[in-house]
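Subject: Structure for your files

Dear colleague,

Here is the structure I said I would pass on. My notes follow below it.

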Amino acid sequence: MSETLIELRAVSKAFGEAQVLDGVDLEVARGETVAILGASGSGKTVTLKTINGLLSPDQGSVEVLGFPVSELEERALVPLRQRVSYLFQWGALFDSMTVAENLAFPILEHRRLSREEVPNRVAELLAMVQLEGIEALYPAELSGGMRKRVALARALALNPEIILYDEPTTGLDPVTARTIAQLIVGLHRHLGVTSVLVTHEISLVNRVAGRVVFLHEGRFIYSGPPSDAAVNGPDTVREFFAAGGGDA
Ligand SMILES: Nc1ncnc2c1ncn2[C@@H]1O[C@H](COP(=O)(O)OP(=O)(O)O)[C@@H](O)[C@H]1O
Ligand SMILES: [Mg+2]
């Protein structure tokens with residue numbers, strides 16, 4: 001039997017009058033890559049943030065790697081955050097730090113390696129995203145695609161068991177987006193991480209996701225392989241695929 005690493009049970013979350021999640025269930029097994037699809041504003045980012053405890057649900061339970069996330073306070077989540085990486089929509093690098101300092105940050109913060117060992121690990125991480133030798137540059141000196149790759153390298157710094165990606169290719173030109181998509185596909189084959197991916201890019205979904213779940217009016221109205229979703233999904237899901245991914 002496959003091991004469940006992420007489990008959301010009847011999760012609800014409202015902001016003021018808006019019921020964003022309305023009793024959501026989701027299970028992700030070890031090694032799976034699940035894409036969360038849905039219109040803009042449907043609650044995809046809220047779902048991701050709920051998974052790693054950046055947001056706590058109003059109702060329901062969230063369990064990740066055996067941690068009862070929805071019952072823990074911020075401090076108790078630190079050990080979990082070392083095992084679950086969150087790749088933010090805009091990368092979120094520290095502008096005042098070099099690439100090397102950005103990559104060293106999580107490693108030193110969690111005392112994974114001694115200072116002497118850090119440069120080797122930084123070089124190794126940059127090689128994984130095909131950006132060797134840019135340690136001394138600042139984020140402002142990088143292109144948008146390079147920044148995304150450095151953010152991806154930083155997300156890999158602690159050898160996470162789970163990676164949560166929020167729109168990893170949104171806002172990039174098609175060629176750069178393709179490069180990032182290829183990188184993610186390669187990393188998944190190579191590292192065997194479990195991941196949840198929020199994206200509008202159908203081509204990325206088709207290449208990396210074993211399963212898609214579709215968020216609509218606060219619930220997942222579909223769960224299945226991308227090839228099936230496009231053909232046999234409910235109207236809303238088929239329309240989304242037919243439109244090539246909808247509004248970003
Ligand atoms: N921290 C917050 N405070 C108030 N409203 C929020 C917050 N986060 C998200 N929302 C609202 O929840 C809804 C879903 O947001 P989000 O999950 O970011 O959508 P998306 O599917 O585009 O990622 C939106 O209407 C958004 O305005
Ligand atoms: Mg979002």
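Where is Gln-130 found? Gln-130 sits in the loop between helix 4 (118–128) and helix 5; helices (H or I, at least four residues) and strands (E, at least two) are DSSP runs, numbered from the N terminus.

Before the rest, the conventions. The model is predicted: local features need pLDDT of at least 70, side-chain atom pairs count only at pLDDT 80 or more, and totals for chains, interfaces and linings use all residues. Residues are numbered from 1 along each chain as its sequence is written, while chains are lettered from A and ligands numbered from 1 in the order in which they are written.

Backbone and exposure

Gln-130 has a positive phi of about 55° although it is not a glycine. There are 13 other C-beta atoms within 10 Å of Gln-130, so Gln-130 is partly exposed. On the scale used, a residue is buried if 20 or more other C-beta atoms lie within 10 Å of its own, exposed if 12 or fewer, and partly exposed in between, with C-beta atoms placed from the backbone. The C-alpha atoms of Gln-130 and Leu-183 are separated by 8.8 Å, with the two residues 53 apart along the chain.

Ala-10 also is not a glycine and has a positive phi, of about 50°. Ala-10 belongs to strand 1 (residues 4–15) and counts as partly exposed because it has 13 C-beta neighbours inside 10 Å.

Glu-141 is another residue of the loop between helix 4 and helix 5. Is Glu-141 buried or exposed? Glu-141 counts as exposed, because it has 12 C-beta neighbours inside 10 Å. Between the C-alpha atoms of Glu-141 and Leu-158 there are 25 Å, for 17 residues along the chain.

Leu-197, in strand 7 (residues 194–198), has 27 C-beta neighbours inside 10 Å and therefore counts as buried. Leaving out residues up to four places away in sequence, Leu-197 touches Thr-33, Ala-35, Tyr-165, Val-208 and Ala-209; two residues are in contact if their C-beta atoms, placed from the backbone, lie within 7 Å. The C-alpha atoms of Leu-197 and Val-34 are 6.2 Å apart, although 163 residues separate them along the chain.

Helix contacts

Axes are lines fitted to C-alpha atoms, for helices over the stretch in contact, and angles run from 0 to 180 degrees between N-to-C directions.

The axes of helix 3 (residues 99–109) and helix 5 (residues 144–155) come within 8 Å and cross at roughly 25°. Helix 3 and helix 5 are therefore roughly parallel to each other (angles under 35 degrees count as roughly parallel, over 145 as roughly antiparallel, 65 to 115 as roughly perpendicular and the rest as oblique). Their crossing is right-handed; a crossing is left-handed if the near helix is turned anticlockwise from the far one by less than a right angle, and right-handed if clockwise. Helix 3 supplies Val-99, Asn-102, Leu-103 and Pro-106, which meet Val-150, Ala-153 and Arg-154 in helix 5. By class, the residues of this contact are five nonpolar, one polar and one charged. Here Ala, Val, Leu, Ile, Met, Phe, Trp, Tyr, Cys and Pro count as nonpolar, Asp, Glu, Lys and Arg as charged, and the others, Gly among them, as polar.

For helix 5 and helix 6 (residues 174–191), the axes come within 10 Å and cross at roughly 15°, so these helices too are roughly parallel to each other. Helix 5 passes helix 6 in a right-handed crossing. On the helix 5 side the contact is made by Gly-144, Gly-145, Lys-148, Arg-149 and Leu-152, and on the helix 6 side by Thr-176, Thr-179, Ile-180 and Leu-183. The classes are three nonpolar, four polar and two charged residues.

The axes of helix 3 and helix 4 come within 10 Å and cross at roughly 115°, again in a right-handed crossing. Ala-100, Leu-103, Ala-104, Ile-107 and Leu-108 in helix 3 meet Val-118, Arg-121, Val-122 and Leu-125 in helix 4. This contact has eight nonpolar, no polar and one charged residues.

Ligand 1

The residues around ligand 1 include Phe-15, Gly-38 and Lys-44; a residue is near a molecule if its C-beta atom, placed from the backbone, lies within 6 Å of it. Strand 2 (18–29) and helix 1 (44–51) are the elements that give two or more residues to this shell. Helix 1 gives the largest share, three residues. The shell divides into four nonpolar, six polar and one charged.

Regards
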